[in-house]
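I opened the notebook today to look up a few local features, one by one. Here is the structure I worked from.

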Amino acid sequence: MAWNALWTILGVMLVFLALGVPISYSIGISSLAAILATVSADAAVVTAAQRIFVGMSRFSLTAIPFFILAGNLMNQGGIAGRLVDLVLAVLGRLPGSLLVANVGANALFGAISGSASAAAAAVGSMVRDGEEEQGYDPALCAASNGASAPSGLLIPPSNALITYSLAAGGVSVSALFLAGYVPGLLWAACCIAVAVAAAGRKGYRGAAGKYDWKNLGRAALRAIPSLTLIVVVIGGIIAGIFTATEGAAIAVLYALVLGICYGNITVRSFWRIVTDSARMSGMVVFLIGVSNILGWVMAFTQIPQAVSAALLGFTSSPAALLLIMNAVLLLAGTFMDVTPAILIFTPLFLPVVEAFGMHPVQFGLILVYNLCIGNITPPVGNTLFVAIKVGKTSLSEVMPYMLWYYGAILSGLLLVTFVPAVSLGLPWLTGVLK
């Protein structure tokens, strides 16, 4: 029964996706088809409706719309330029200083905004003029911008990690947030290493003499209000002062006040931000609700147990199993968005890794890291195409440089996969995980 249900789900879903049906409807219809194969039509319809309602009724879900709204407020609030100035002041002496600044600002801005594409668009636009003035290769700049933008999705606050917490049955959001820092910074460090090496080969020099302590102090003061958001929200959640939902609401208020103080948010723009956020939140929450049908079908037909037994029967080596799962997730990430992929693959693979002792928090970071790579990988690769558009170049020109970034980022993935301390070190040190 398990395998019949799994093939039904995959077959129907792939057909609908090929026809251009939205992913939420594809998941719901394929799950309903699997239910119809096991119970009566009346029971199937009632069960599906109940599962959607239950999936969208979780209080913890309200953190996602709040963080989406906070991210959109930050996107319009005029903080990208301040973050670029700060990173340039800190790293401006390195070869290819503008490439390095792009990477660092993407990590900061992506973490605050919660969107890799928004980071690539905002930060890429900020540094583009300087890159043109100093004769940087547009394709290299676009590659650096696109490759580094998803790093912010690993650094909290992260909607992807909140979604994983829900899909995994309530894994601690505080632990996931703490676990995301090192992998996110590792991703950014890999991109910086490639950017510095490429800049050295092309003879791009740093901005020596332009960024002294005075400029650093000035840039830090201008960026402190924006960076304080991370300290207040994440610090409060990790310290247990407030929940992830309360922290998200505080982030909205803070971002709104900051945007008004900077003079970049007006009544008209605020209304547009709210409507855009509501539209995006509706899609995400409905997707989570529909995916709850999929989770119920998998549990009812025991698909995870069947997949786990098959993989464990294929090989008893944890390393081989992890490599297989990484390959599947990397492939899925090239044509699926992060949120639906998390909802689909968490119930499939989490029981497998738990069978050989991996902590759910570590698997969450492996999962999100893999799917973030899909953000910058054709044929979908939304973030990569945003970077190409901002950089006024083409995919054929950017891909030779992207191959170097892929190699570095994949080396970071291997560390996250096979060295538990990379993701679990901070939660262990702070006592969030025992």
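Before anything else, I noted that helices here are DSSP runs of at least four residues, numbered from the N terminus. I also kept in mind that this is a predicted model.

**Entry 1: a nonpolar patch.** I looked for nonpolar surface and found a patch of about 400 Å², made by L323, L414, L415, F418 and V419. Helix 20 (residues 395–418) gives the largest share of this patch, three residues. I then checked V419 and placed it in the loop between helix 20 and helix 21 (420–429). Its relative accessibility is 34%, so I wrote V419 down as partly exposed.

**Entry 2: aromatic pairs.** I counted seven aromatic pairs in the structure. I picked Y136 and Y204: their ring centres are 4.4 Å apart and their planes meet at 25°, so I list the pair as stacked. This pair links distant parts of the chain, 68 residues apart. Y136 sits in the loop between helix 7 (116–133) and helix 8 (138–148), while Y204 sits in the loop between helix 11 (173–202) and helix 12 (213–239).

**Entry 3: helix 8.** Next I turned to helix 8, where 10 of the 11 residues are buried, so the rest of the structure largely encloses it. Among the buried ones are C141, N145 and G146. Their cover includes helix 6 (97–113), helix 9 (151–154) and helix 19 (382–391), and also helix 7, helix 11 and helix 20. At the start of helix 8, I found a side-chain oxygen of D137 within 3.0 Å of the backbone nitrogen of A139.

Note on methods: Residues are numbered from 1 along each chain as its sequence is written. This is a predicted model: local features need pLDDT of at least 70, side-chain atom pairs count only at pLDDT 80 or more; totals for chains, interfaces and linings use all residues. Side-chain values use heavy atoms; hydrogens and water are left out. Patches are made of residues with over 30% relative accessible area and no salt bridge: like charges are joined within 9 Å, nonpolar side chains (Val, Leu, Ile, Met, Phe, Trp, Tyr) within 5 Å. Accessible areas come from the Shrake-Rupley method with a 1.4 Å probe; for residues, only the protein chains shown count as cover. A salt bridge is a side-chain nitrogen of Lys or Arg within 4 Å of a carboxyl oxygen of Asp or Glu. Helices (H or I, at least four residues) and strands (E, at least two) are DSSP runs, numbered from the N terminus. Buried means under 20% relative accessible area, exposed over 50%, partly exposed in between (1.4 Å probe, protein chains only). Rings of Phe, Tyr and Trp (its six-membered ring) pair if their centres lie within 6.5 Å; planes under 30 degrees apart count as stacked, over 60 as edge-to-face and the rest as tilted. Contact means heavy atoms within 4.5 Å. A polar contact is a pair of N or O atoms within 3.5 Å; within protein, one must be able to donate a hydrogen and the other to accept it, and residues adjacent in sequence count only if both atoms are side-chain atoms.
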